Amino acid sequence: MNRTPLFPAAAGVRPEAPPGTGIRPTPRSAAGPVPVPVPAAVRFRAACPDCRGRFELAAAALRLAIGATRRTTFYTFTCPECGASVRKPAGERIIELLTGGGVRTLRLHTAL
């Protein structure tokens, strides 16, 4: 049985990659979330209720707003075909897909 520890014993010490693998550790800040890489080619299928156009949008073309209720949780985009501003409800699955795909998210807070 291999008794090599999975994690270094000393705090703040990062394990080294095996030689010849070409893997280099990435620098991390001491605090804050670890960014998740998202491919630049992530695209989302969407449709416009005004012109009935169907198209694909990049993550940068969408915005997600997460509110306290289902009514205040939605995503928005501008139709590339007719220019209409579109707002659609976002359920849990849509929220997962959009946030995982790198869509900018706004968290709406309720007044106290």
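## A tour that starts at a charged ring

Select Arg87 and Phe74 to begin: the charged end of Arg87 sits over the Phe74 ring, 3.6 Å from its centre. The rule here asks that NZ of Lys or CZ of Arg be within 6 Å of the ring centre and within 35 degrees of the ring normal.

Before moving on, some housekeeping. This is a predicted model, where local features need pLDDT of at least 70, side-chain atom pairs count only at pLDDT 80 or more, and totals for chains, interfaces and linings use all residues. Residues are numbered from 1 along each chain as its sequence is written, and side-chain values use heavy atoms, with hydrogens and water left out.

**Zoom out: the whole chain**

Switch to a cartoon view. You have one helix and six strands in the protein chain, and from the N terminus on they run β-β-β-β-β-α-β. Helices (H or I, at least four residues) and strands (E, at least two) are DSSP runs, numbered from the N terminus.

Now put a surface on. The protein chain exposes about 9,400 Å², with carbon and sulfur atoms supplying 57% of it; the areas come from the Shrake-Rupley method with a 1.4 Å probe, and for residues only the protein chains shown count as cover. Of the 112 residues in the protein chain, 22% are buried. Buried means under 20% relative accessible area, exposed means over 50%, and partly exposed is in between (1.4 Å probe, protein chains only).

Contacts are worth a glance too: in the protein chain, among those with a separation of 6 or more, 44% are between residues 24 or more positions apart. A contact means heavy atoms within 4.5 Å.

**Next stop: the aromatic rings**

How many aromatic pairs does a search of the whole structure find? Two. Rings of Phe, Tyr and Trp (its six-membered ring) pair if their centres lie within 6.5 Å; planes under 30 degrees apart count as stacked, over 60 as edge-to-face and the rest as tilted.

Select Phe55 and Phe77. Their rings are edge-to-face, 5.9 Å centre to centre with 75° between the planes. Phe55 lies in strand β2 (residues 54-58) and Phe77 in strand β4 (residues 74-78), so this pair ties together parts that are 22 residues apart in sequence. Both Phe55 and Phe77 are buried.

With Phe55, Tyr75 and Phe77 selected together, you can see the cluster that the ring pairs make of them.

**Salt bridges**

There are two salt bridges to look for, each a side-chain nitrogen of Lys or Arg within 4 Å of a carboxyl oxygen of Asp or Glu.

Pick Arg43 and Glu56, whose side chains meet at 3.9 Å, N to O. Arg43 is in strand β1 (residues 43-47) and Glu56 in strand β2, so the bridge ties together parts that are 13 residues apart in sequence. Arg43 is partly exposed at 47% relative accessibility, and Glu56 is partly exposed at 45%.

Then pick Glu96 and Arg93, with their closest N and O atoms 3.3 Å apart. Both are in helix α1 (residues 92-100), three residues apart, so about one helical turn separates them. Arg93 counts as exposed, at 53% relative accessibility.

Is Leu98 buried or exposed? At 5% relative accessibility, Leu98 counts as buried. Leaving aside neighbours within four places in sequence, Leu98 is in contact with Phe44, Leu62, Leu64, Tyr75 and Val103.

Move to Leu106 in strand β6 (residues 104-107). Leu106 and Leu64 are 42 residues apart in sequence, yet 6.1 Å apart in space, C-alpha to C-alpha. Beyond its neighbours within four places in sequence, Leu106 is in contact with Leu64, Ala65 and Ile66.

**Last stop: the cysteines**

A disulfide is a covalent bond between the sulfur atoms of two cysteines. Counting pairs of cysteine sulfur atoms within 2.5 Å gives zero disulfides. Show Cys51: the nearest cysteine sulfur, that of Cys79, is 3.7 Å away, and Cys51 is partly exposed, with a relative accessible area of 34%. Now show Cys82, where the closest cysteine sulfur is again in Cys79, at 3.7 Å, too far for a bond. Cys82 counts as partly exposed, at 41% relative accessibility.
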